[in-house]
Amino acid sequence: MNKLTLNVYGKVDGKKKVVKTYETDTLDISFGIVEDMMEILDKVQNNSDENAILDAIMKNIKNVRPLLLDVFDGLTEEELKTTSTKEVVQVIVNIITFAINQINNLTVSTSKNLLGAGEK
């Protein structure tokens, strides 16, 4: 997985600037959060339109907030309010993609183990 990055913005000399950046290259998401993300995925499945993805995320914002606070260690509710919506959407898409890949890898691994178990 590539690094996930989320910028926090603030005013510096009267201009909007990045004041803090959170990064993580590990992703250990609780099952409840994956379940919430799968709800979003269900709503955007077979639809690569950015507006549809954004719409699904915004309609499920109650699920997105705890996810971001969980993924980015130290991120606060106040900081989250000053992040870019576009960046948040990209992070969510990356997390959903990561979760799907992990599930697919687990499914393939489990299938191979089960098939191999019968071959003694």
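Trainee: Which side chain meets Glu78 in a salt bridge?

Mentor: This is a predicted model. Both residues of the pair are exposed. The N to O distance is 3.2 Å, and the partner of Glu78 is Lys81.

Trainee: How many salt bridges does the structure hold?

Mentor: The pair of Lys81 and Glu78 is a salt bridge. Lys3 also forms one, with Glu23, and Arg65 forms one with Glu77. For the structure, the count is four.

Trainee: In the salt bridge of Lys3 with Glu23, how many residues apart are the two?

Mentor: The closest N and O atoms of Lys3 and Glu23 are 3.7 Å apart. Lys3 sits in the segment before E1, while Glu23 belongs to strand E2 (residues 15-24). The pair therefore links distant parts of the chain, and the separation is 20 residues.

Trainee: Which helices hold Arg65 and Glu77?

Mentor: Arg65 and Glu77 form a salt bridge, with the closest N and O atoms 3.5 Å apart. The pair ties together parts that are 12 residues apart in sequence, because Arg65 and Glu77 lie in two helices, H3 and H4.

Trainee: Is Arg65 buried, partly exposed or exposed?

Mentor: The relative accessible area of Arg65 is 32%. Buried means under 20% and exposed means over 50%, so a value in between has its own class. Arg65 is partly exposed.

Trainee: Is Glu79 buried or exposed?

Mentor: Glu79 lies in helix H4 (residues 77-80). Its relative accessibility is 15%, and the cut-off for a buried residue is under 20%. Glu79 therefore counts as buried.

Trainee: Which side chain does a polar contact of 2.4 Å join to that of Glu79?

Mentor: Leaving aside neighbours within four places in sequence, Glu79 is in contact with Val8, Lys20, Tyr22 and Gly74. The polar contact of 2.4 Å joins the side chain of Glu79 to that of Tyr22.

Trainee: Which element supplies the largest share of the largest nonpolar core?

Mentor: The core has 22 residues, and Val64, Leu68, Phe72, Leu75 and Ile92 touch the most other members. Strand E1 and helices H1, H2, H3 and H5 each supply at least two residues. The largest share is six residues, and it comes from H5.

Trainee: What pattern does the chain follow along the sequence?

Mentor: The secondary structure comes to five helices and two strands. Read along the sequence, the pattern is β-β-α-α-α-α-α.

Notes: Residues are numbered from 1 along each chain as its sequence is written. This is a predicted model: local features need pLDDT of at least 70, side-chain atom pairs count only at pLDDT 80 or more; totals for chains, interfaces and linings use all residues. Side-chain values use heavy atoms; hydrogens and water are left out. A nonpolar core is a set of buried Ala, Val, Leu, Ile, Met, Phe, Trp, Tyr and Cys residues joined through side-chain atoms within 4.5 Å. Buried means under 20% relative accessible area, exposed over 50%, partly exposed in between (1.4 Å probe, protein chains only). Helices (H or I, at least four residues) and strands (E, at least two) are DSSP runs, numbered from the N terminus. A polar contact is a pair of N or O atoms within 3.5 Å; within protein, one must be able to donate a hydrogen and the other to accept it, and residues adjacent in sequence count only if both atoms are side-chain atoms. Contact means heavy atoms within 4.5 Å.
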